[in-house]
Amino acid sequence: MKVKIIIGGVDYSKYVQVPFQIKQVLDETLDIATLNLLYTDKKEPFEPFTLVEITINYEEEERKYKMFVSADN
């Protein structure tokens, strides 16, 4: 499995702690992803509504998700 995480146009893939969680819901609420970034040199928190693109490559399948930052804590 290969994971690519782009936040605000910057590749943070090497900083992502695996495993992370993506929760897809089948109702009127929004899908949720929770992930941790370790040892980045970014000093400021991510702004709300910053675009997050998650690509997960399995051996024979690729999944792509587009979400927005809700909180950075």
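The predictor's confidence in each residue is expressed as pLDDT, on a scale from 0 to 100. In the present model, which is predicted, the protein averages a pLDDT of 91, and 100% of the residues score at least 70. Among the elements of the protein, the lowest mean pLDDT, 89, belongs to β4, and the highest, 96, to strand β2 (residues 10–11). Helices (H or I, at least four residues) and strands (E, at least two) are DSSP runs, numbered from the N terminus. Residues are numbered from 1 along each chain as its sequence is written, and side-chain values use heavy atoms, with hydrogens and water left out. Because the model is predicted, local features need pLDDT of at least 70 and side-chain atom pairs count only at pLDDT 80 or more, whereas totals for chains, interfaces and linings use all residues.

The loop between β4 (32–34) and β5 (51–57) contains T50. T50 counts as buried because its relative accessible area is 18%; buried denotes a value under 20%, exposed a value over 50%, and partly exposed a value in between (1.4 Å probe, protein chains only). When neighbours within four places in sequence are left aside, T50 is in contact with I7, G8, M67, F68 and V69, contact being defined as heavy atoms within 4.5 Å. A polar atom of the T50 side chain lies 2.6 Å from the backbone oxygen of E47. A polar contact is a pair of N or O atoms within 3.5 Å; within protein, one atom must be able to donate a hydrogen and the other to accept it, and residues adjacent in sequence count only if both atoms are side-chain atoms.

E47 is placed in the loop between β4 and β5 and is exposed, given its relative accessible area of 55%. The C-alpha atoms of E47 and A71 are 7.9 Å apart in space, with 24 residues of separation in sequence. A further pair involves G9, which lies in the loop between β1 (2–7) and β2 and counts as exposed at 66% relative accessibility. G9 and T50 are 41 residues apart in sequence, and their C-alpha atoms are 9.2 Å apart in space.

Within strand β5, V52 and T55 were examined. V52 is buried, with a relative accessible area of 9%, and it touches I6, I7, Y65, K66, M67, F68 and V69, residues up to four places away in sequence not being counted. The C-alpha atoms of V52 and A33, 19 residues apart in sequence, are 9.7 Å apart in space. T55 counts as buried at 15% relative accessibility. Its contacts, leaving aside neighbours within four places in sequence, are K2, V3, K4, E62, R63 and K64.

The largest pocket has a volume of about 850 Å³. Of the 26 residues that line this pocket, A33, F68, V69, S70 and A71 are the closest to its centre. The elements that give two or more residues to the lining are β4 and β6 (62–68). By residue class, the lining divides into 16 nonpolar, five polar and five charged residues. Ala, Val, Leu, Ile, Met, Phe, Trp, Tyr, Cys and Pro count as nonpolar, Asp, Glu, Lys and Arg as charged, and the others, Gly among them, as polar. On a 1 Å grid over the protein atoms alone, a pocket is an open set of points where a 1.4 Å probe fits, with protein on both sides within 12 Å along at least five of seven lines; lining residues have an atom within 4 Å of a point. Grid points are joined across faces, edges and corners, and the volume is the space filled by probe spheres set on the points.

Backbone geometry was also considered. Most residues other than glycine have a negative phi, and most peptide bonds are trans. The peptide bond from V18 to P19 is cis, with omega near 5°, and P19 is placed in the loop between β2 and β3 (21–23). Y39, which is not a glycine, has a positive phi of about 60°. This residue is found in the loop between β4 and β5 and is exposed, with a relative accessible area of 78%. F49, likewise not a glycine, has a positive phi of about 70°; F49 lies in the loop between β4 and β5 and counts as exposed at 67% relative accessibility.
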